[in-house]
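Have a look at the structure first, then read on.

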Amino acid sequence: MSVYTQLTNDQFATFCQSFGVSFVRAIPITQGIKNSNWFIQTTDDVDGAYSYVLTLFEERPPADIEKMAVILNQLDGKLPVAAPLSVIESNSVQTDDDDKRYVIHYEDKAITLVPCLAGSHPEQTTQAMCHDIGAALAMLHETLQALQPAEQYGVPLYPWADVRDREMQFMPGDEAKLMSDIWRSYTELPLTTLPNGLCHLDMFADNTLWNLQKGEEHLTGLLDFTEVSVEHYVMDIAITINDFCTTWGMAEQGESVNFDRSKMAAFLQGYESKRALGLDEKRALPVMLAKAAVIFWLLRLNVIHYNRTEGRTGDNIMVKNPDLMKRLAAYHWAHVEKSQNTVFVLSGTTSDNQIIGVFSSITQAEQAREKLSNSSEFAIKEYTLDQLS
Ligand SMILES: Nc1ncnc2c1ncn2[C@@H]1O[C@H](COP(=O)(O)OP(=O)(O)O)[C@@H](O)[C@H]1O
Ligand SMILES: N[C@@H](CCOP(=O)(O)O)C(=O)O
């Protein structure tokens, strides 16, 4: 559980009053690792129910949280998000939407109050859920294109290269090599031409809520918009795929990491039902999956670093296991290396075995075969480069 700041009931009551809500009780929220969150019970709630969530943003400055409120209001109605309540201005003068404030301050930190969304976090995902979260992410990418210039609405990207340089000093050689190989391969992608825009960048299953009725699972909430930044859409896709399409084994399951490629196919189908991916995005995806895993490996090491340097300890502090992300990065990297080392040969099946072409992906080979009038007389065979020499 992560509640970094302790507040008194009087403080909760005063904060809630700023949003026109009458406070009864605050219940600390057990999930989340960045901010302090409480469910808020009001005088209108019965039987221990609660209708709001109060968040005290521990890291992001209030100006970033104001931007986040604009983003959530843009998405409201298109996707199931919890848009922040506006602050009741004391002079009771009607304010335009543009002048509304959504944030109050406690010391130098921002506080928001949002409606509590129904549903629960999935412990496991299904192919149908992966399809739906893919469609939701594409809708998010498309909808936020209305906010221009995008840089004005997103927060700056975190300086992950600095975290990498600090953490790599303490890593065993093979781990540092994995990280730098993936990083180098990422920088070799056509980064200047890949489409970009406002991205969520933390769409993990535990940042989503679902009605989990068996066979009828549907998305009821998208949470945690504190990281929204301008990034390549394919990076946001990779981040979301990495969590939704992986079964994470806890310590008792040997911390296994099982990535499900059929879930990824379902995700991509859902995504492309709302926004078509370009060929360059599809080509970049395998390396982006590895880079996204590296970023969250670093993020988790960074949380541990700050907990240590700022003396944050105790039962209220939750940490997520960086090793799981390291294993996922290694899995994706092995896949990239294998495909870099593999070619697909299209050749005739008749006695002369005529070679039509050598391709770096199965899709390219299939496309070439489809163009042949007598395509059934040609086969595609996979070879590693050392088999060909
Ligand atoms: N609007 C909401 N409705 C229901 N639950 C919420 C809402 N906002 C936050 N939560 C709960 O609080 C948890 C932590 O919120 P989150 O924004 O992910 O915090 P953090 O930024 O600390 O990671 C979520 O996983 C969810 O369980
Ligand atoms: N989703 C990230 C870290 C951010 O955690 P959150 O609980 O604050 O969304 C991870 O799994 O490492």
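## Ground rules

Two strands pair if DSSP finds at least two bridges between them. Helices (H or I, at least four residues) and strands (E, at least two) are DSSP runs numbered from the N terminus.

The model is predicted, so to speak of a local feature takes a pLDDT of at least 70 and side-chain atom pairs count only at pLDDT 80 or more, while totals for chains, interfaces and linings use all residues. Residues are numbered from 1 along each chain as its sequence is written, and chains are lettered from A and ligands numbered from 1 in the order in which they are written.

## A hairpin

Let's start with strands S12 (residues 342-348) and S13 (residues 355-359), which pair antiparallel over four bridges. Across from valine 345 you'll find valine 358 of S13. Six residues sit between the two strands of this hairpin, and in the turn asparagine 353 has a positive phi of about 50 degrees.

## The five-stranded sheet

Next comes an open sheet with antiparallel pairing, its five strands in the order S1-S2-S3-S5-S4. S1 (23-28) and S4 (104-106) are the edge strands, each pairing on one side only. From one strand to the next, the twist averages 30 degrees (angles run from 0 to 180 degrees between N-to-C directions, and axes are lines fitted to C-alpha atoms, for helices over the stretch in contact).

S1 and S2 (residues 36-42) run antiparallel and are joined by five bridges; isoleucine 27 has phenylalanine 39 in S2 as its bridge partner. Helix H1 (residues 9-18) packs on the sheet, touching S1, S2, S3 (52-57), S4 and S5 (109-115), and its direction makes about 110 degrees with that of S1. Contact here is between residues whose C-beta atoms, placed from the backbone, lie within 7 Å. Helix H2 (residues 62-75) lies across S3, S4 and S5, at about 20 degrees to S5.

## Helices meeting H7

How do helices H6 (residues 233-244) and H7 pack? Their angle is about 140 degrees, with the axes 10 Å apart. H6 and H7 are therefore oblique to each other (under 35 degrees is roughly parallel, over 145 roughly antiparallel, 65 to 115 roughly perpendicular, and the rest oblique). Ile237, Ile241 and Phe244 of H6 make the contact with Lys263, Met264, Phe267 and Tyr271 of H7.

Helix H3 (residues 127-143) also meets H7 (residues 261-272): their axes come within 6 Å and cross at roughly 35 degrees. Among the residues in contact are Cys130 and Ile133 of H3, and Ala266 and Phe267 of H7.

Conventions:
Two residues are in contact if their C-beta atoms, placed from the backbone, lie within 7 Å.
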